[in-house]
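My entries follow in the order I made them.

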Amino acid sequence: MNMPDLRSQSWRGGVLARVSAAIVMVALLFGLVIATSEEARAAKAKASEAEGQKPSFVVIQTDDETMEELYQGVRMANGSEEFAMPNTLEMLGEKGITFNRYYTPYSLCAPSRVSLLTGRYAHNNHVQGNVPPNGGWTGFQSRLAYTHNLATWLQGAGYRTIHIGKILNGYGDPPYSPGTEVPPGWSSWHTILNSDTDHYAYGYLLNNNGVVEGPYGDSGSWETREYGAIDDAGCPYAPLNGQPCYYETDKFNQLAAEELAATSPEQPFYMQVDYTSPHGDFRKPAGPQPATRDIGPFAGAPLPDNRAEGFNEGNVNDKPRFIREAPYLSATEIHTYRVYYQNCLNALISVDEGVKEIVDQLGALGRLRNTYIVFTSDNGFFFGQHRLVGGKFLAYEPSTHLPLIIRGPGIKPDTSTGQLVNTIDIAPTILELAEVAPDKSVDGVSLAPYAKDPSLRSRRPLLFESFVQTNDVEQDGGATGETPAYADAGRARGSLADPPAHASVVAPPKNYYGIRLGPYKYIEWPDGEKELYDINKDPYELNNVVRDPNFFPIRAFLHEELERLEECSGRTCQEVSAKLPLTQQQQVKVKREKEKEQREREREREVREEEKAQREKEKRERERAHKH
């Protein structure tokens, strides 16, 4: 009997086993490839779907922040140059476009903020001050702007709308507002009460989606002007004393991150974060309260402008009467507002951290690529320029010329534009990018074309206007919490009953109309005084050229344009101007150049005629010589 070949059977069994294993492995690999391919297709489809989604928007607005507070570095003791908001400059400015000539048409909190929401000048949205009946929250509630604005338009188009921070003066101030209101258009509402009455960094109340909660912290005493307690230096992430953290800016930052995370990935959103910093808070020593961890960094910072740049201006004979009559700033005032400025820089550090947290959160959620981020301020502030301190209101550059940065899809990083733009342009920009039509006309224009092509320019003029009611003024810019008892000054074309001017104490409430076009700014005051500046050549507005005959053609042209803009609405506000006329000197120069060109043409003609005569003479001489 032959014995079976066990080695052969073993080999065959091994082969069969290996073949079976290989088949299984191939099947697994094939399944893995299919699964991976499916995942890739799903991811690609999701990415494609995300790309096809409407863009989202974050608007970050500070309160009273000036151009210098964002862009001017401070030389530190170690020789380094430090900025209050490096994250904003890097993560927004270097990743987006900067609008170098952005202005607010009405340098006051409530009117400026309503213009941002509605895209309309104050003379059209009719919120014309900070207090009732025509201004603030009450004025807003009683007008069409309340139900026709960015929030209502975007929510109606499917956007989730989120508000965090300050809204308008008077919100939560009895008897006008209980602070329980959630206005139409907002899906989520975290809004501070009494923001312009108190300006608390601690001890504030928040309306969280219709429920008033707080106080967050201890506001302390008006008599001592000191907080009852402030956060530990380790707040908000690691408080050393184990107590809760309440600092207002940190709370806004936290709410912003939470609201972004709570938004469905499929839903576009509009989030507006309105910081109260760097507005003063009426507490000692002056200016806003920084986060405890940020109290010291800019303690040595000088005031933003020097004497050559208009600080405590020497010769004010070319300025309106209320500045001509203003005394020089005292040593005490200079010290107070230097401390104020230093606290503004320190307070903006936590706002800058909020900008970073928002950008980082958008990145972590995969939404940064399809989100536009807008950074701006509602109005500026005077720190001694033209002998003015403690307020805004007026049309001078420190008050009206503001930061505006936009980052988002289709915007080339680290670009800038010199196109003249203003607050009424933000709403139409967002609406165009969102492909949403407003149900009311807007006065502004979309900045999207200028953001995507910084070389574009137009000759659209910008309007300045003021309908200030005198109790809109905060004495010392919020340094004492008192308000001067001035009478209503009326409109620029109306009453001349202006309040007494102590300009070195506070930038006084004044009514005026003005225009910004090309290099020029032109202002008309109700008492007939006028100002004209060539901002390109005179950025600090030290030389009013309105009485210079050389600029009479410019003045006349701008006056006519201003008359048109004062009552403009919708399309008429968007119309471009004719080309600016030449100054008299330019006209003389052009005339001389034309006369010179004419003389040169005459001389060239004479030379040609002489040459022609000479050629004919030579020809005749050749003909005579030929005959002989």
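I started at R564, which is partly exposed with a relative accessible area of 25%. My terms here: buried is under 20% relative accessible area, exposed is over 50%, and partly exposed is in between (1.4 Å probe, protein chains only). The model is predicted, so I kept its limits in mind: local features need pLDDT of at least 70, side-chain atom pairs count only at pLDDT 80 or more, and totals for chains, interfaces and linings use all residues. Residues are numbered from 1 along each chain as its sequence is written, and side-chain values use heavy atoms, with hydrogens and water left out.

**Salt bridges**

I looked for the partner of R564. Its side chain meets that of E575 in a salt bridge, 3.6 Å from N to O. I count a salt bridge when a side-chain nitrogen of Lys or Arg is within 4 Å of a carboxyl oxygen of Asp or Glu. This pair links distant parts of the chain: R564 sits in helix α15 (residues 552–566), E575 in the loop between α16 (571–574) and α17 (584–627), 11 residues apart.

I then asked for the total. By this rule there are 23 salt bridges.

Next I checked D63 and R113. Their side chains form a salt bridge of 3.9 Å, N to O. The pair links distant parts of the chain, 50 residues apart: D63 is in the loop between β1 (56–62) and α2 (67–71), and R113 is in helix α4 (residues 109–118). Both D63 and R113 are buried.

K356 and D360 came next. Their closest N and O atoms are 2.7 Å apart, in a salt bridge. They are 4 residues apart in helix α11 (residues 331–364), so about one helical turn separates them. K356 is partly exposed at 34% relative accessibility. D360 is partly exposed at 36%.

**Disulfides**

I turned to the cysteines. My cut-off is a pair of cysteine sulfur atoms within 2.5 Å. By that rule I have 2 disulfides.

One joins C235 to C245, with S to S at 2.0 Å. The torsion about its S-S bond is about -80°, so this disulfide is left-handed. C235 and C245 both lie in the loop between β9 (211–216) and α9 (248–262), so the bond ties together parts 10 residues apart in sequence. Is C235 buried or exposed? C235 is buried, at 2% relative accessible area. C245 is partly exposed, at 27%.

Another joins C568 to C573, with S to S at 2.1 Å. Here the torsion about the S-S bond is about 100°, so the disulfide is right-handed. C568 and C573 are both buried.

I noted the pattern as well: 1-2, 3-4, counting bonded cysteines along the chain.

C109 is buried at 1% relative accessibility. C344 is buried at 2% relative accessible area.

Terms used
Helices (H or I, at least four residues) and strands (E, at least two) are DSSP runs, numbered from the N terminus.
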